[in-house]
Amino acid sequence: MIRSRTTGPRSIIVVFAAFVVCLVASPPQADQSKASPSADRRSDGLAAWQQVYTVLTHQRCINCHTATDYPQQGDDRHRHFANVVRGPEGRGVPGLHCATCHQEANADSTGAPGSHNWHLAPLSMAWQDQNDQLRSSAEICSVLTDRSKNHDLDGPALLKHHAEDQLVGWAWEPGRGLSGVQRTLPPLSRPQFADATRRWVDAGTPCPPGKAGD
Amino acid sequence: MATYQLNINGQRREVTTDPSTPLLWVLRDDLKMTGTKYGCGVSACGACTVHVAGVATRSCMVPVSMIGDRSVVTIEAIGQNPVGKVVQDAWVSHDVVQCGYCQSGQIMSAVALLKHTPNPTDKNIEESMGGNICRCGTYPRIRQAIKAAAQQLQ
Amino acid sequence: MSAAITAANEPLLSRRTFLRVSATAAGGLLVSLYLDLPVAAQEASQAPPKPQIYPPDAFVNIRVDGKVVIQVNRLEFGQGVHTALPMLLADELDADWSQVIAELAPAADVYKDPLFGLQLVGGSGSIAHSFQQYRELGAKTRAMLVAAAAEQWQVAPHQCRTEASVVHGPSGQLARYAELAEMAARQPAPAAAQLKEPSQFRLVGKEVRRLDSRPKCDGSLKFGLDLDLPGMKIAVVAHPPVFGARVKSFEDKAARSVEGMREVFEIPLAQGTGVAIVADTFWPAKQARDRLKIDWDVSAVEGADSATLWAQYKELARTPGNVAVARGDAQALAAIASGNRVVAEYQFPYLAHSPMEPLNTTVRFDGDRAEVWAGSQFQTVDQAAIAEVLGLQPAQVTFHTEMAGGGFGRRATPDAHVQREAAAIAKRLRGTPVKLMWTREDDVQGGYYRPMHVHRIEIGIGPDGMPSAWRHVIVGQSILGGTPFAAIGVKNGVDATAVEGVADTHYNIPNLHVSVHHPTPNVPVLWWRSVGHTHTAFVMETLIDELAARAKMDPIAYRRQLLDPKATKLRAALDLMEEKSAAWRSQLSAHHAVGIACHESFETGVACAVDVSIENKRPRIHRATVAVDCGLAVNPLTVESQFQAGVAFGVSQLMAKGAITLKDGRVEQRNFDAYTPPYMIDAPVAVDVHIVPSTEPPSGCGEPPVPVIAPAVVNALAKLTGTRYRSLPLVAM
């Protein structure tokens, strides 16, 4: 559940009322194979979240959603060459900014990937831990839905980030390295990723149980 | 082939070339400006560093088609900039160069650092200069020259 | 001859005479005094000699504008000869240093190294071998200028003195060298040179800034790769993926579709064949090469494989090889109890030189002559090879020496393979200058590496804790074998460059047996800055350090005890290093350790102390104190630079990605991302260099910095981790 909403009070009342109406209007079912609508919604949401998680934890996404003081690169997520570092704003340092090499679009002729506003995700959005291990589904979901950590994004804003942000979109148009081979793609297409996000958001962005670090 | 109007060292220069040509080779081969060097072609060494719209940029990595009308400043003109001049003078007074091939890039990176961070710490220097290779190994003298330049600029 | 005796305050030459000098001599005094060859002016003639067009064997040209142009007989590729050799000449000449211009001499017999007999940079011999030569040139030129002035003034030469390009007479007369040049050219060249006492030096021994700094800082200096000639084309070559393989066939339709591409054709290489692409500029050349489809015939060549080679080498190292040294009692080792023995095996990978400026050569072939521009460490060798390919005599090949962006040995190739490629292409493009360029990938994958080595050592420790018996087997390719240098460098199956640093160790080991195996895998090899010392010094200095620790002795004191008393340079360096590092060695920060190493190479003694800690699982070298005995330091600033930077170069051997490896004949690394040289963070933060005061003749400084740093660092790491690293590079720590 998202802990706060930016939607206005009237819409909350409407939703709440609808919720109550649903509860009242749907008496407990005699057919025991069917779970309650709220449980359905939650389990749909969790299923959708699992799909989202598989994309977030694709190696190329982690290369920028990194817990380190430097970006990583490649499917094996090795340290980015030439000692480039995160810098104070995730944009590198003078002389060695991300923009020193990465332009607004892929440069296949030189092997440099590129997209609008190339930079690292903030450390709060790291999808690996300090030991370079993937963070758990529960952990990432918890962080993603914490508006004090996620740049104050609510469900619709998260959906917009996943579905429309240019830099995020680079993941599906990663360009070619100098070998001429296209860089690997996430396990879902962008429309599928957006759809999974939408279903997760519609379900109230449920998170799987478990402590952070599980 | 396409024609580009480029802004190089404050001058308008026109080139007609393959859009995929890196800026490095446009500078060196089309414009005969060989101060910017080819060291690796994959942005690992920094010898090709120029400033594009004030940002240190590895020209081997950027196709000319992506430059647009952004200003490009190369080693040939950086001495006209007050920070550039002080840096070049520090490099000479501290006898930094050996073979000298990497030094155009080193100087361009150092100028980018000092323009942004006029009083760099050792860590600032290591991070900003940390992606430039000097095969001869002049790193200790580069550090000294940057510090001297910073003092000069106070 | 026109000038008359003048009174003190009148100019020596009338304006008319001055102009005549300009018009006739077109520049003044030309001196070609190497080996006391007679100057043309000596051929007695009543008439004034005809003006000389500069012969290629000129060393000094005193121009009418006062500039003193000095030819440097060696490539300048960072080491500073462009400044240091002219300093020697200018000092003896008493030239005005601010008027000195240094030029890199073209290929010519007269510029050959006096000791090696070819024109080269190598063996750290530039100053050492040309020290006397350049001083004599300067002194003799000065003598001729003084003689000319003395004759004018009707005084004795010894009554004159010289300073800053001016001759001063005994009664206040003065004449500038530029004015005297023409007359001096007619003087007989003195048979002997009157050299200065060291106390008279004005430049030598002083910190003199490099002459080539400014143009290297403002982008104006042209390296070989920067050359541009009218009508010039660019060439790149597709080299075989396995050394020595041949082109079976190639398909070039896609390559030919690249705009700006001109020609594609097969060419012979030093080994095997390749495909050359010629284009108007570099980018189309590279694009076209990328689109070539080549079918290679690898059937006739061996596919070297690192894993296989390691196994072979280790097996070989357990058997005695060709003997380099057998001193003392061969049975001594066996007599020592196993508890007092150390057995160690070391591994060293192939290393690429990777100078910052990739290899390149420009050639124009005109049928009966050719012109070449290259930053070559081996001008006369390269000139001869190009001549051979073009069917010319060397004298028909004008070879210009360009400033080079580093070399470290890579630009000194006995087989002149890059030059041969360039000549083969130029031959096809007769009349058109063509610049052959190697990309960085060509460089990393192109062979001519420092060979891989395995060492196996068995040491028997005496009761005093010192090594009493030492059996050492080295396995590695012979660098000199198969080259014209084999005759002098390979004796009894031992390539001297493989065992230097061990066979000639200054440690007093009474029973020493050193032998070597030279396998011949299909990998071209070459000397890499300090050659055999790159691996032998690592072995010696880490083992000695281990023995010192076993004996519970201070590592410096142990070395001092074990070193031969006659190793004066090494001892002096060790003492000076100890003195200059004492303060910081006794005040180390927590989690820091000191590492010590000392080694003599190319007749220069070097000792080093490093302050090391571990950061992010890598050695961090906070400081290095380096002491050096190189005899007289001609330019202490150059020496300091060479040592500060040379130790950074030596760190190459420690880099996690600092190895060239082969799999089934193919080099696995392509560029700096996979074969990674030291960046600033990998090099020592600060290096203080101390030169032992000396008036002995100078010895080399180009290579001696390199061998000491890797063992010093690893000795420090042994204290920090408890592990003695014997396999380079340091991959996992």
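## Chain C against chain A

In this predicted model, the contact between chain C and chain A draws on 4 residues from chain C and 4 residues from chain A. The area buried between these two chains is about 430 Å², with carbon and sulfur atoms giving 59% of that value. On the chain C side, C:W283, C:D673 and C:Y679 supply 64% of the area that chain C buries against chain A, more than any other three residues.

No specific polar pairing accompanies this contact under the rules applied: the count between chain C and chain A is 0 salt bridges, and 0 residue pairs are found in polar contact across the interface when both residues are required to have pLDDT 80 or more. By class, the side of chain C that touches chain A has 3 nonpolar residues, no polar residues and 1 charged residue.

## Chain C against chain B

The contact between chain C and chain B takes 62 residues from chain C and 53 residues from chain B. About 4800 Å² is buried between chain C and chain B, and carbon and sulfur atoms give 57% of this area. The three residues C:C217, C:M356 and C:M680 supply 18% of the area that chain C buries against chain B, which is more than any other three residues supply.

Across the interface of chain C and chain B there are 28 residue pairs in polar contact, both residues being at pLDDT 80 or more, and the count of salt bridges between the two chains is 6. A salt bridge is formed by C:D226 with B:R28, where the closest N and O atoms are 2.8 Å apart.

In terms of secondary structure, α5 (213–217), α7 (282–291), α11 (440–445) and α17 (636–650) of chain C each supply at least two residues of the side that touches chain B, and the largest share, 9 residues, comes from α17(C). The residues on this side of chain C divide into 30 nonpolar, 16 polar and 16 charged.

## The fold of chain B

Chain B contains 6 helices and 5 strands, which follow the pattern β-β-α-β-β-β-α-α-α-α-α when read along the sequence. Among contacts in chain B between residues at least 6 apart in sequence, 54% join residues at least 24 apart.

The C-alpha trace of chain B spans about 45 × 30 × 25 Å along its principal axes. Because a compact globule with 154 residues would have a radius of gyration near 15 Å, the value of 15 Å for chain B agrees with that expectation. Of the 154 residues of chain B, 68% count as buried.

Note on methods
Residues numbered from 1 in each chain as written. Chains lettered and ligands numbered in written order. Predicted model: local features only at pLDDT ≥ 70, side-chain atom pairs only at ≥ 80, totals over all residues. Heavy atoms only, no water. Contact = heavy atoms within 4.5 Å. Buried area = accessible area lost by both parts, 1.4 Å probe. Salt bridge = Lys/Arg side-chain N within 4 Å of Asp/Glu carboxyl O. Polar contact = N/O pair within 3.5 Å; in protein donor to acceptor, adjacent residues only side chain to side chain. Helix = DSSP H or I, 4+ residues; strand = E, 2+ residues; numbered from the N terminus. Nonpolar A, V, L, I, M, F, W, Y, C, P; charged D, E, K, R; others polar. Rg over C-alpha atoms; globule rule 2.2 N^0.38 Å. Buried < 20%, exposed > 50% of the residue type's maximum accessible area, 1.4 Å probe, protein only.
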